[in-house]
Amino acid sequence: MNFEFSEEQELLRTTVRNFVDKEIMPYVADWDRDGKFDPSIMQRLSDLGLMGVCIPEQYGGSGMDYNALAIVCEELERGDTAFRTAVSVHTGLNSMSLLQWGNEEQKQKYLVPQAKGEKVGAFGLTEPGAGSDVASLQTTAVKDGDYYVLNGQKTWISLCDTADHFLVFAYTDKSKKHHGISAFIVERSWDGFSSKAIKGKHGIRSGNTGELFFDNVKVPKENLLGEEGEGFKIAMASLDNGRFTVAAGAVGLIMACLEASVNYCHERKTFGKEIGKHQLVQQMVAKMEAGLQMSRLLVYRAGELKNQGKRNTRETSLAKWQACDFANKAADDAVQIHGAYGYSDEYPVERYLRNSKAPVIYEGTREIHTVMQAEYVLGYRKDKPLNHMLPAWDKELVSK
């Protein structure tokens with residue numbers, strides 16, 4: 001086991017941290033207050049090669065390992081959850097799914113421009129009546145000659161108004177239940193497609209989240225990802241990648257809570273001494289540090305399994321569940337440490353608390369992950385190799 005970051009990974013962390021400190025931190029409070037998403041951030045991330053950081057160079061990416069993606073997500077969420085979410089959706093849920101399941105033609109047409117940052121990808125699975133219960137989705141895709149006719153609605157879709165390409169899941173045969181779900185690559189520009197942002201969110205207000213609508217959208221048969229009926233497998237494999245990025249982002253949020261709390265502990269005095277001298281405050285800080293270190297180890301273990309091309313559903317689920325819970329608790333304690341000031345946007349911790357709740361819910365609620373982990377331990381759940389595994393990271397290819 002090697003717990004050291006490579007020189008390249010350390011340089012990456014420094015690059016992203018400097019970007020966050022300069023391009024996000026000074027403005028994010030206003031963006032959050034106004035509910036404004038700045039899409040130009042995506043272009044600036046692209047200029048740094050961060051939109052396809054773990055995608056092989058042959059497909060337009062930077063060719064780094066999967067833990068490099070974790071580093072990017074950590075540092076972006078240290079700035080704000082909205083921007084980690086953008087990378088999670090674009091890279092984790094969409095581009096990595098194309099890398100894993102797409103044919104060569106699809107990779108050249110969609111993955112390459114996404115990895116280069118020329119196009120933005122998003123993910124359409126959740127519906128008004130289908131969240132954790134994926135098999136209850138109502139969107140349909142009916143074969144008609146050289147096309148599939150897509151009808152339905154998706155909700156809580158990140159980058160709904162800004163993405164160019166969407167990975168959309170729909171029933172091609174409802175009689176087969178979840179075995180009748182298929183996956184499609186859908187372009188925004190097609191007739192019958194529309195989107196609408198959701199307003200009044202509790203957190204992640206500087207992110208673009210909303211609904212997608214499909215009204216007789218004609219999807220070319222060449223845009224079927226994988227085979228008919230493989231959509232459920234593709235969705236679950238995509239979530240392995242998305243959950244990995246969410247867990248890494250939670251590590252970044254704990255970092256942000258810890259930084260803010262330590263600064264305030266030295267700044268604020270009560271009863272004649274810094275509040276950091278009080279043991280109950282120290283207890284909260286200590287729990288943040290423990291959560292940070294444990295979460296980071298879980299995340300990088302999952303990333304190393306990805307690097308080796310191995311199934312990591314169990315490990316990624318545990319990392320997502322625990323890291324998001326630790327982040328939510330760290331944010332709650334950070335507000336407590338700040339006292340009344342923590343309840344206003346004069347300090348960032350109230351935003352951290354609001355932002356920390358959504359990841360506990362999306363991409364598998366804590367309850368879903370609790371059940372998954374119990375079933376693994378009890379022997380009720382076992383993971384089999386997929387017919388399309390996420391490609392292992394080729395260190396030798398990169399070194400050449």
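This is a predicted model: local features need pLDDT of at least 70, side-chain atom pairs count only at pLDDT 80 or more; totals for chains, interfaces and linings use all residues.
Helices here are DSSP runs of H or I with at least four residues, numbered from the N terminus.

**The surface at Phe3**

Phe3 is exposed, because its relative accessible area is 60% and exposed means over 50%. Together with Met1 and Leu297, Phe3 forms a nonpolar patch on the surface, and the accessible area of these residues together is about 460 Å².

If you zoom in on Leu12 and set aside its neighbours within four places in sequence, you will find Leu50, Val53, Met64, Ala68, Ile71 and Val72 in contact with Leu12.

**A buried glutamate**

Beyond its neighbours within four places in sequence, Glu75 is in contact with Arg13, Val16, Arg17, Val20 and Met255.

Asn151 belongs to strand 3 (residues 147-158) and is partly exposed, at 24% relative accessible area. The side chain of Asn151 reaches the backbone nitrogen of Asn216 at 2.8 Å. Leaving out neighbours within four places in sequence, the residues in contact with Asn151 are Gln138, Thr139, Thr140, Phe214, Asp215 and Asn216. For a sense of distance, 33 Å separates the C-alpha atoms of Asn151 and Arg311, which are 160 residues apart along the chain.

**Two positive phi angles**

Most residues other than glycine have a negative phi. Ile204 is not a glycine, yet has a positive phi of about 50°, and Phe271, also not a glycine, has a positive phi of about 50°. The table sets out where they sit.

| Residue | Phi | Loop | Relative accessibility |
|---|---|---|---|
| Ile204 | about 50° | between strand 6 (193-197) and strand 7 (209-220) | Ile204: 9%, buried |
| Phe271 | about 50° | between strand 9 (269-270) and strand 10 (273-274) | Phe271: 80%, exposed |

Ile204, at 9%, therefore counts as buried, while Phe271, at 80%, counts as exposed.

Technical notes:
Residues are numbered from 1 along each chain as its sequence is written. Side-chain values use heavy atoms; hydrogens and water are left out. Contact means heavy atoms within 4.5 Å. Patches are made of residues with over 30% relative accessible area and no salt bridge: like charges are joined within 9 Å, nonpolar side chains (Val, Leu, Ile, Met, Phe, Trp, Tyr) within 5 Å. Accessible areas come from the Shrake-Rupley method with a 1.4 Å probe; for residues, only the protein chains shown count as cover. A salt bridge is a side-chain nitrogen of Lys or Arg within 4 Å of a carboxyl oxygen of Asp or Glu. Buried means under 20% relative accessible area, exposed over 50%, partly exposed in between (1.4 Å probe, protein chains only). Helices (H or I, at least four residues) and strands (E, at least two) are DSSP runs, numbered from the N terminus. A polar contact is a pair of N or O atoms within 3.5 Å; within protein, one must be able to donate a hydrogen and the other to accept it, and residues adjacent in sequence count only if both atoms are side-chain atoms.
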